[in-house]
Amino acid sequence: LWRLDMQQWEWHRVAPAAGDRSWPRPRTDHSAVLWEKSDTERIMLVYGGSVDGSGASSELWALDCSDVDHDNWYWYEMATDGTIPVRTSHTASVVGGGDATTMVVVGGTDPALGAGRGSVLGDAWALTLPSGGSRDHGGRPRGTWTALGQGAAGMPGRCRHGAATLGSALVLWGGYDGGGATADGAGVWLHLGAGAAGDAAVPTAVPKSNGGDGGRTHLQERWRAEVPFRET
């Protein structure tokens with residue numbers, strides 16, 4: 001674990017304290033996002049990945065980095081409810097904030113399912129992250145996993161793709177489908193605010209113009225563009 005001091009522009013290693021067993025195992029191809037739990041609380045969430053000696057993982061680790069003193073940062077494995085997805089080479093993005101914060105996980109691979117295209121996942125999951133509410137036995141936040149609907153067309157499996165949040169929307173781009181690079185344009189998922197994890201199974205179209213057709217509006221369905229975005 002390394003941190004970048006953006007005042008001095010220097011890298012510093014964050015090492016576990018002597019005897020501290022609350023530390024994630026070595027891994028690759030995981031995701032890491034910052035959850036701004038409140039004005040004073042910030043937690044980095046590390047999910048999934050290929051774990052040393054164990055393959056694809058469903059582990060969810062939280063690094064509490066709220067304290068200005070980096071020596072007081074600490075890890076804990078976050079407890080969750082619901083089915084826990086296993087994957088590596090996925091994307092994770094934080095959508096919303098405050099009491100309506102959700103981490104959205106899309107695609108990835110699970111080598112236990114096979115090889116090539118057989119291991120590539122085309123699903124999406126929402127982890128609800130309440131600033132209050134459910135807690136584990138240690139009094140720490142407890143998340144809830146919910147599978148997301150994908151509209152009538154469904155989303156082609158992909159891994160190593162890109163994802164970015166734009167306001168309340170999550171935009172996906174590119175990736176690898178197990179046989180080659182994907183070329184199906186951009187998919188958009190519209191976050192529906194508080195309680196979105198449960199409501200997100202309702203197909204939602206997002207109006208979008210590609211700017212190159214005289215202003216004609218295209219409907220971007222949740223995961224598959226009816227008329228894909230193109231470079232102009």
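These legends go with a set of close-up views of one predicted model.

**About the model.** Since what you see is predicted, local features are reported at pLDDT of at least 70 and side-chain atom pairs at pLDDT 80 or more, while totals for chains, interfaces and linings use all residues. Numbering runs from 1 along each chain as its sequence is written, and side-chain values use heavy atoms, with hydrogens and water left out.

**View 1. The whole chain, before zooming in.** The protein chain has one helix and 19 strands; these are DSSP runs numbered from the N terminus, helices being H or I of at least four residues and strands E of at least two. Of its 232 residues, 40% are buried (buried is under 20% relative accessible area, exposed over 50%, partly exposed in between, with a 1.4 Å probe and protein chains only). Take the contacts with a separation of 6 or more: 48% of them come from residues 24 or more positions apart (a contact means heavy atoms within 4.5 Å).

**View 2. A trio of tryptophans.** Four aromatic pairs turn up in a search of the whole structure. In one of them, the ring centres of Trp23 and Trp75 sit 5.9 Å apart with planes at 75 degrees, so this pair is edge-to-face (rings of Phe, Tyr and Trp, the last by its six-membered ring, pair if their centres lie within 6.5 Å; planes under 30 degrees apart are stacked, over 60 edge-to-face, the rest tilted). That pair ties together distant parts of the chain, 52 residues apart: Trp23 is in the loop between β2 (10-13) and β3, Trp75 in strand β9 (residues 74-77). Trp23 is partly exposed at 25% relative accessible area, whereas Trp75 is buried at 8%. Trp75 also pairs edge-to-face with Trp61, at 6.4 Å centre to centre and 85 degrees between the planes. Trp61 belongs to strand β8 (residues 60-64), 14 residues from Trp75. Put together, Trp23, Trp61 and Trp75 make one aromatic cluster.

**View 3. Inside the nonpolar cores.** The largest nonpolar core holds 16 residues, and Leu45, Leu60, Met78, Met103, Leu129 and Trp145 touch the most other members (a core is a set of buried Ala, Val, Leu, Ile, Met, Phe, Trp, Tyr and Cys residues joined through side-chain atoms within 4.5 Å). At least two residues of this core come from each of β4, β5 (42-47), β8, β12 (101-106) and β13 (124-129). Beyond its neighbours within four places in sequence, Met78 is in contact with residues including Trp35, Leu45, Leu60 and Leu129. There is also a second, separate core of nine residues, among them Val106, Ala124, Leu170 and Leu172.

View 4. His161 lies in the loop between β14 (143-147) and β15 (162-166). His161 counts as buried because its relative accessibility is 10%. Its side chain makes a 3.1 Å polar contact with that of Thr91 (N or O atoms within 3.5 Å; within protein, one able to donate a hydrogen and the other to accept it, with residues adjacent in sequence counted only if both atoms are side-chain atoms). Other contacts of His161 include His90, Val106, Leu172 and Trp173. Arg160, in that loop between β14 and β15, is exposed at 55% and has a positive phi near 55 degrees.

**View 5. Another positive phi, at Asp29.** Most residues other than glycine have a negative phi. Asp29, not a glycine, has a positive phi of about 55 degrees. Asp29 is found in the loop between β3 (27-28) and β4 (31-36), and is partly exposed at 29%.
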